[in-house]
Amino acid sequence: MFASCGTGGFSPRRAGLSLIELLLVLMIGAVLTSMASPRVGHLQAVRALVNAQNSAIFLAARARAVAVERGKTARLEVDPLGDRAWIVVLPSDTVSLVDYRDEFAADVFTTTGTTLTVCYTPRGFALPSCTSPNLPAFVGFSRGRDTLRVRVRPLGQVEKYE
C-alpha cells in the first residue's frame with residue numbers, strides 16, 4: 001500500500017547537543033567557577049605566606065652557614081619598611097637579598113617596627129652586641145587578612161611561630 005522510501009517522512013535524528021543544552025552546560029560551569037574562585041585566591045595567598053615564612057627560615061640558616069664557611073661575621077637584616085631581608089658578610093659584601101613584596105606579595109613586620117639585625121659569628125653563634133635587645137623577636141608576613149610569623153630566638157635560631 002504505502003511505498004517506503006527511506007525514513008517514512010521523518011528526518012533522521014542527529015547525534016550531539018542542541019544549542020540550549022550547550023548554553024545550559026556553560027552556565028552551570030560559570031556558576032561553579034564563580035563559586036570556587038574566591039577560595040582559590042585565598043589558598044594562593046596562604047601558600048605565598050607559607051613560602052615567605054620558609055624563605056625567612058632558610059635565609060637565617062644561610063646567614064649562619066655563610067658566617068661559618070667564610071670565617072667572618074655575617075649579619076641578617078630584616079627591613080619591615082622595605083619588605084626585604086638580606087645577608088651581609090662584614091664589612092660590606094651582600095650575599096643574598098629577598099624582596100618579600102615582589103616575590104611573595106607579602107608585607108613584612110617586626111616586633112619593634114624597625115629593622116631587625118642578627119649577627120652570626122664564624123662559629124655560628126649569634127652575637128649579643130649585634131642582636132636586638134628584645135629577643136626573642138618576631139618577624140611576620142601578612143597578605144590581606146592572613147598573617148604568619150617566625151620567631152628569632154636569642155642564639156639566632158629562626159623557627160615557625162603560629
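**View 1. Leu-19 lies in helix α1.** With a relative accessibility of 61%, Leu-19 counts as exposed (over 50%; buried is under 20% and partly exposed in between, 1.4 Å probe, protein chains only). The model is predicted: local features need pLDDT of at least 70 and side-chain atom pairs pLDDT 80 or more, while totals for chains, interfaces and linings use all residues. Residues are numbered from 1 along each chain as its sequence is written, and side-chain values use heavy atoms, without hydrogens and water.

**View 2. Helix α1 comprises residues 19-70.** Helices are DSSP runs of H or I with at least four residues, and strands are runs of E with at least two, numbered from the N terminus. The 52 residues of α1 reach 71 Å from first to last C-alpha, close to the 76 Å expected at 1.5 Å a residue, a span calculated as 1.5 Å times one less than the number of residues. Gly-71, with a positive phi near 70°, follows α1.

**View 3. Strand β4 (residues 107-110) pairs with strand β6 (residues 137-143).** The pairing, which requires at least two DSSP bridges, is antiparallel and extends over four bridges. Val-108 stands opposite Phe-141 in β6.

**View 4. Asp-83, Arg-101 and Asp-107 are linked in a network of salt bridges.** A salt bridge is a side-chain nitrogen of Lys or Arg within 4 Å of a carboxyl oxygen of Asp or Glu. The closest N and O atoms of Arg-101 and Asp-107 are 1.7 Å apart. Asp-107 is partly exposed at 31% relative accessibility, as is Arg-101 at 36%.
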